[in-house]
Structures are given as structure tokens and as C-alpha cells.
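Trainee: I have a model open and would like to go through it with you before I use it for anything. Could we take it piece by piece?

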Amino acid sequence: MHLVALYRLNKPFSEVGQHEYTGLITVGFNLMIVQPPPSTSVLPDEVAKFSAIADEWWDPQGKFKPLHKFNPERIRYVRDSMAAHFSRDLAQPNPFHGLSLLDVGCGGGLIAEPLARLGFNVTAIDASDKNIGVAKLHAAKSGLEINYDCMPPEQLLESSQRFDVVLALEVVEHVADVTAFLNTVGRLVAPGGALVGATLNRTLKSLAMAKFGAEYVLRWLPIGTHDWRKFVRPSELAAGLRGSGLAVQDLKGMSYDLFRDRWLISDDLDINYMMLATRA
Amino acid sequence: MTANPTHTAIATDIVIVGGGLVGGSLALGLARHGVKSTLVDRLPPAASISPTFDGRASAISASGQTLLAAIGLWPHLAARAQPILDIRVSDGPSLLFLHYDHRDLGEGPLGYMVENRHLREAIAAEITTNSALINVVAPATVRGFHQVADSAVVELADGREITAKLVITAEGKASTLREAAGLRVTGWNYAQTAIVATIAHTAPHNGIAHERFLPAGPFAILPLQGGHRSSLVWTEAQSRAEHYLALCDDRFVSEIAERVGAFLGELSLVGPRFSYPLGLQFAAGYVKGRLVLTGDSAHAIHPIAGQGLNLGLRDVAALVEILVDNVHLGLDPAHPTGLDRYERWRRADNLLMAGVTDILNRLFSNDIAAVRLARDVGLGVINNIAPVKRFFMRHAMGTVGDLPKLMRGVGL
């Protein structure tokens, strides 16, 4: 049964009152409001500033608990579809050793870190330098090597670097030009590689559950957090990815089971869904 | 003190406090799936194997046996375990009794009787075999516990500290970590004592387990391997238990013979007598941040149905399944999705069993005529309606409910 969908905010964490953080929120990546990237190295006096936020981001029992609960099933989908695509044996340690992965809109690194532990060589970018600061600090604490950078994906296109796996999770619904964004991230996929996208569908059900349910009824999110009109239909996501030369391979929904308080991968695409596309 | 000044801090992902049947099985279950752990125990590994340390035998349900096989313990135990072929429940001198024959289900034995010392030996041997994945810190006493961002810290009495992502307590009924974390328990004493002893007998037991409901409490005769030894669990009113425990061997055996009857022939006592005060204890929560309760630290129940260790093994199977999944997703082992699931899953099941054993004990540990008539009619009804009986038998075998994969013979 569906209860509510997962969101990203269109404003950085620091601008949101702490009392508003009771729901499923991660800091937003908005392609069109990208500011010039600041220095990407963490200076000592910055560490104190970031560490408080880092503890909040990464406290699995804290404010972000609902987000942490959502995460395992998204990672499971990425892991299982990539193991199938690249013929990797999940029983082995570091099953994805030797494969490069780009996480677009990485937030505090909640997806980047687990995937780095599974063996991917992870690059993760975000528009918020605060998020990148948090993510760098935490990766160092976890003893993980992840290339974090505050930059828009267009900047990566200018280099010749391409990735075996590109993730665009809960990002698409926040960009002004969906087609341009999908074209950019799609072109970052190396030949033989794959992309996993996750976003919110534009249906009456998502309007009821995700917009009114989460914002007005449950108060999980501040009212006005989301613009339902920017939610993306699976057909639109697929068309955008095809435009960059990818072929859509799989489509799955994410459902919330109220009775078991668990998110599960399902065939219900009406609210949250994930898409797998590959490049020949 | 064994403090080594150069090693005052240990950093690890998963630490298990308590290396008994539950804690040891948990470390082995994780190791089987390539997950490392640090196992802390207050005794050196050899101490708990001594025959005088634990004279109990445990009824391992069919699903418990499946778990022991999955974590590598069963090969050590197969030749020393007694299959339970038949369970006979009778109400004191009443002629009405309940008779569970494994052939009614045709699925192999109802369970196995395994002596705890054999279980402890098997666990110790497997821990040694898996020493690359299980780091044993023993003897070491836990003094305290605290949590900081991203980790939990176990403080040892010798001054060392163990920092971990996840701390699992399998300390038993009295848990220092549970207290330190402020997890409350509820419960009560039964004013009963379990007297545990092993007897040898001249007539074979034929793999039959007996449970007699005597006015002071249930009296169980549990078959041990070889055919001519049985483990007794004699529930007695606390006030009278001391009297029986103080008797000389001859008098003690004659008290036993009076309760057992003649069907096992001549009886004699093997090894020392043990006694355990009985009570029900239930933790309000099983998870606090990065601390998880398992086994008796989470739930201690009446032995009337022989389910205490089986519940602990279900905790083990559920937690191994969840932690291995977390690790295989690259997640923090203390990820709340998994730990919340463990708490919800195990708490409901354990609470049900605690409730059932509590009611059975209240129903049967008395000699009130009306209660007696009602329960005898009840036993007779259960015995004569095949589907109802099969339902109760499957419960005894532990093959109902939402079983963890390792108890269904399914790989992770």
C-alpha cells in the first residue's frame, strides 16, 4: 500500500528550519540554480561547520530516519540490476571491483558510500557545497575513497570521462529542462554501461499521496515543498534517455507497506518508480 | 586483569557480548556468510565446556536443528542428539493424555534432545575453526556502554574499550548492556524452581518425551542419546525445592522415582543436580540505537514447553538474515530498517510464546478440581481432533509462523 513518496527539497538544507525536518527529505539538486562551484577541498575550519550536519545526515535513528528506511530498497535495485548487467557474482567481496559509477545529486553520500563498499569506483556530485562537505567528511570517517565534487553534470561532459554506471536518483523532478538533463546524464554513460533513474510519477495518485498526503495531511514535509507538475511520467523519462542513445531495459515501482513499515520494490509505478537503461 | 596497555582500544563492525549458546551461534552464523565479529565473554573459552558448568539438555525443535545445520554445528551433534519420536503429555494421575507421534505428520522427528555441554563444545570447536572471522575477547567483563554518533562503545572492566557499529547482547537474563542502555524489562517470578538432573535407567526410553503436570508444576522426562539416560526438568514450589535439593542421592532418586513411575525400570543419578529460579522477563524494546538484544536478555520464559533456547535460536536466525542483507547492500550493520524489522519480527513471536507458557503454567500448576476437569477435557479434545493436534505438533516442532530463512533450509 502506498502512503507517501520520497522527495528532495528545492533548497539547500541550511535554508530549511530544523523543525521542518520530520519527513522524507534529502537536500535537493537543482540543475538550473547551480552556483559556481566553490573550493572543493575541505578546510579545517569548515570541518566544524559540516560535522554537525554530517551527524544529522548520517544518524540512522535521527531526523533522516525515514530517508534511511527508503534507501536499502533503492540500493537493492541498483545492486541487483548492475550484477545482472555486468555478470557480477554478489557472493564475492567487492563484487563491482573495476567498475566506475557516477552519482548525480549525491546529497550526504547515503547512496555513494554503500556502493563504494560494494566495490564501485565512485564519483559523486551535488550542487550544494554543504552536501559535498558533509559527504567528504563522512567518507573519510568511514575509510572510503569517493571522488566528491560540487559541480553540475554538464561540467563532466566537457571532460572525456564516461562512467560504467550513472545514477540519477530523485533528481529529475527538480530540473527545469528534463530533456536537456536526461540528455546530459545519458551521454555520461560509457559504451556497455547502464543508467538507473528514480523519480516520482505524475498521476492523480501521486498528487493525492505525495503532494496532499505528505505535505498537508501527514505534515512530513513543509507545505509547498513540491511542484507536482514537475513530476515525470515513465514515458517522458524513457523518451529523454532514448534521446541520449540509451535503451530502456526495466521499470519497477517502489511501494510503502504500511503494515510492515517497509519499502518494497513492486510493479506499481503510480508514485515512486525506477528505470534501468543501457548503452550498447 | 589482563589489560594490555598497548591494546586498550579495539575497533570493529559487530561486537557480540556473551559467548553462550545464543551469542556463539550468532557469531558462527555471521562467519558462515563471511561477516566478521568480535565475541566478548566473561569466561575463557574452555571454562564453559566442563560437564559441571551446565547440566541442562535442550529440546531443539525441527526448525532449530535446520539452523544448527546451516551454521555448521550439526555435524558435531548428530551422533550425540536424541531424536524425539513421541511426546506424551499427561495430567497427574488422570488417564486422559495427549499423545504426539511424529508419524502423524510423517516429517521426521518432532525435535532433538541435545545436552548443553555438547552444544557448548561444538560452538567452541567451530569458533576455533572460524578464528579468521571471529575475534574472541575473553575472559573480559563488561562494565559499561555508551553510544556516540556513528558508533557504540563497550567498556570493559580492565579499561579496554571496544568501538563498534553494532553491539549485540547475548548476556542472558541479567544484561549489563541492557541496563546501561536503559531498556526496561517487565516480568514476574513464578515462585517455582526448576530442578535439573540426569538419570540413568535400565529400561529404554524409546525416544519418548514425557511431560506430567503435577500440582507443584510440570515434570518433564526427556530422552537422551543412547536410550538409557534421560534429562529431568522438575518444576517445584520454591519453598520445597531447597528441601529436595538437599536430600542425599538415595532419597533424591526415590523422590524422582515416585514422580517418574516404573516404566523406565531402575533409576540412578548421573552427575550433579542443578537448580534455576523460574520467572518471566520481557524487554519492552529489543533495539536502542546501535544496541540489539537477543536470547534471554530479551526474553526469559517458563521451561514448561521447552522453548527457551528455540526462541533464542530464532533470534539468531532472524538477526543473521538481516545483518547479512545489510552487509551485502554495503550498509551500516546497524541500519534502522533491518533493526526495526528484527524487533517487530522477534518481539511478536517471543511475546506469543511467553504468553502461552505463562498460561499453561498457571493452568497446570495447581490441583483445583474444576480447572483440572476443564484442562483434561481440553487435552482429550486436542488429542481426538486430528487437524487441531497437527497444529499443536507443528508448533512444538517450530515449523509455523514467519520463520527466518536459515530455519527453513533456505540460503541467504
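Trainee: Where in chain B is confidence lowest, and where is it highest?

Mentor: The lowest mean, 67, belongs to helix H11 (residues 386–397) of chain B, and the highest, 98, to strand E18 (residues 291–293) of chain B. Where pLDDT is low, the predicted coordinates should not be read in detail.

Trainee: Moving to sheets, in what order do the strands E3, E4 and E7 of chain B sit?

Mentor: They form an open sheet in the order E3-E7-E4, with antiparallel pairing. Strand E3 (57–61) and strand E4 (82–84) of chain B are at the edges with a single partner strand each, so one side of each has no neighbour in the sheet. From one strand to the next, the twist averages 30 degrees.

Trainee: And which helix packs on that sheet?

Mentor: Helix H2 (residues 62–70) of chain B does, touching E3 and E7 of chain B, and its direction makes about 95 degrees with that of E3(B). As for the pairing of E4(B) with strand E7 (residues 111–115) of chain B, it is antiparallel and runs over three bridges, with B:Pro83 opposite B:Tyr112 in E7(B).

Trainee: What about E12 in chain B, which strands does it pair with?

Mentor: Strand E12 (residues 185–201) of chain B is joined by 14 bridges to strand E16 (residues 267–283) of chain B, the two running antiparallel, and B:Ala194 stands opposite B:Tyr276 in E16(B). E12(B) also pairs in the antiparallel sense with strand E15 (residues 229–237) of chain B, over nine bridges, where B:Ile195 faces B:Trp234 in E15(B).

Trainee: Okay, cores: which residues touch the most other members of the largest nonpolar core?

Mentor: In that core of 97 residues, they are B:Ile16, B:Leu26, B:Val154, B:Val167 and B:Val292. Helix H8 (residues 308–328) of chain B supplies the largest share, 11 residues. Leaving out residues up to four places away in sequence, the residues that B:Val154 touches include B:Val15, B:Phe145, B:Ile162 and B:Val167. Another core lies apart from it, with 72 residues, among them A:Leu110, A:Ile111, A:Val122 and A:Ala277.

Trainee: Since you mention chain A, is A:Gly133 buried or exposed, and why?

Mentor: A:Gly133, which lies in helix H4 (residues 129–142) of chain A, counts as buried because there are 26 C-beta neighbours inside 10 Å, against a threshold of 20 or more. For chain A as a whole, buried residues make up 49% of the 280 residues, and the secondary structure comes to eight helices and 10 strands.

Trainee: Last one: how many residues does each chain bring to the contact?

Mentor: Chain B brings 14 residues and chain A brings 20 residues. On the side of chain B that touches chain A, helix H9 (residues 336–364) of chain B gives the most, with four residues, and by class that side has five nonpolar, five polar and four charged residues.

Key: Residues numbered from 1 in each chain as written. Chains lettered and ligands numbered in written order. Predicted model: local features only at pLDDT ≥ 70, side-chain atom pairs only at ≥ 80, totals over all residues. Pairing = 2+ DSSP bridges. Axes fitted to C-alpha atoms, helices over the stretch in contact; angles between N-to-C directions. Contact = placed C-beta atoms within 7 Å. Nonpolar A, V, L, I, M, F, W, Y, C, P; charged D, E, K, R; others polar. Buried ≥ 20, exposed ≤ 12 C-beta atoms within 10 Å, placed from the backbone. pLDDT = per-residue confidence, 0-100. Core = buried A, V, L, I, M, F, W, Y, C linked by C-beta atoms within 7 Å.
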